[in-house]
Amino acid sequence: MTQDDMNQTHDDAVRAGGDGLEEHSTSPDLWLRVGAERLSLVRYVFLVQIEDGIPTAAQRSALEYSDAVLIGWPDADAPDVVAVDERQEAEIVAHVRIMEEYIGKFRESEREGNIDDMTDILIRISERVAEIRKIFQPDFPLPTFAEIRRVVQEEWDEDMGKIDPQSSGSASEVEQETRLENEQRDAGEQS
């Protein structure tokens, strides 16, 4: 199944909620599944886009946030998933609408190769799916993006502090450093 096929399958599921999502003829549990599946797909596309480079702190944070929203995603019949009333279902449908708008923007940014916009949009999609999850699973402790961003930024700063600014990291310099380290180690072993 191609990415377009998966997107079409999910588009069909979203449309199953009625004309433009206005009608609530489907089971509210569908929205629980659709939210997780849509975020999983967007997260995967984002991951593929950034995997060839070193992700920035913002990219890492966006990815970690989507992971936090998806971790331990419940089935509709899980004991801690609550039944939703009409007001809550209308709220869920509103979140799905916004999520779908962001997914359209995400696709545009992907076509343009705009990773920064994709990063921001992944965060927005994750926020919508987190809101859907909170309605279905109100007692599940979800971190905020700000909390995740703070932790990731601290890790990023620590990692960047370990990089030697005097080393340009060229292949020949790394080879020279390795050769010198090996010579020093060998000299130490012979003593």
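Predicted model: local features only at pLDDT ≥ 70, side-chain atom pairs only at ≥ 80, totals over all residues.
Figure 1. Residues are numbered from 1 along each chain as its sequence is written, and side-chain values use heavy atoms, with hydrogens and water left out. The protein chain holds seven helices and zero strands; helices (H or I, at least four residues) and strands (E, at least two) are DSSP runs, numbered from the N terminus. The accessible surface of the chain comes to about 11400 Å², and carbon and sulfur atoms account for 49% of that area. Of its 191 residues, 36% count as buried; buried means under 20% relative accessible area, exposed over 50%, and partly exposed in between (1.4 Å probe, protein chains only). Among contacts (heavy atoms within 4.5 Å) with a separation of 6 or more, 77% join residues 24 or more positions apart.

**Figure 2. Close-up of the salt bridge between Arg38 and Glu100.** Side chains of opposite charge can pair when their charged atoms come close. A salt bridge is defined here as a side-chain nitrogen of Lys or Arg within 4 Å of a carboxyl oxygen of Asp or Glu, and the structure holds seven of them. In this pair the N to O distance is 2.4 Å. Arg38 belongs to helix α2 (residues 29-50) and Glu100 to helix α4, so the bridge ties together parts that are 62 residues apart in sequence. Both Arg38 and Glu100 are buried.

**Figure 3. Close-up of two salt bridges, Glu131 with Lys134 and Glu154 with Arg150.** The closest N and O atoms of Glu131 and Lys134 are 3.2 Å apart. Both residues lie in helix α5, three residues apart, or about one turn of the helix. Glu131 is partly exposed, at 26% relative accessibility, and Lys134 is partly exposed at 40%. For Glu154 and Arg150, the closest N and O atoms are 3.9 Å apart. This second pair lies in helix α6 (residues 145-161), with four residues, about one turn of the helix, between the two positions. Glu154 counts as partly exposed at 48%, as does Arg150 at 47%.

**Figure 4. Close-up of the negative surface patch formed by Glu108, Glu112, Asp116, Asp117 and Asp120.** Patches consist of residues with over 30% relative accessible area and no salt bridge, where like charges are joined within 9 Å and nonpolar side chains (Val, Leu, Ile, Met, Phe, Trp, Tyr) within 5 Å. Lys and Arg count as positive and Asp and Glu as negative, whereas His and the chain ends are not counted. The place of a charge is taken as NZ of Lys, CZ of Arg, CG of Asp or CD of Glu. Helices α4 (86-112) and α5 (115-136) each supply at least two residues of the patch, and α5 gives the largest share, three residues. Asp116 is found in helix α5 and is exposed, with a relative accessible area of 56%.

Figure 5. Asp77 is exposed, its relative accessible area being 68%. The C-alpha atoms of Asp77 and Asp29 are separated by 8.9 Å, although these residues are 48 residues apart along the chain.

Definitions and conventions:
Areas by Shrake-Rupley, 256 points an atom, 1.4 Å probe, with all protein chains shown as cover.
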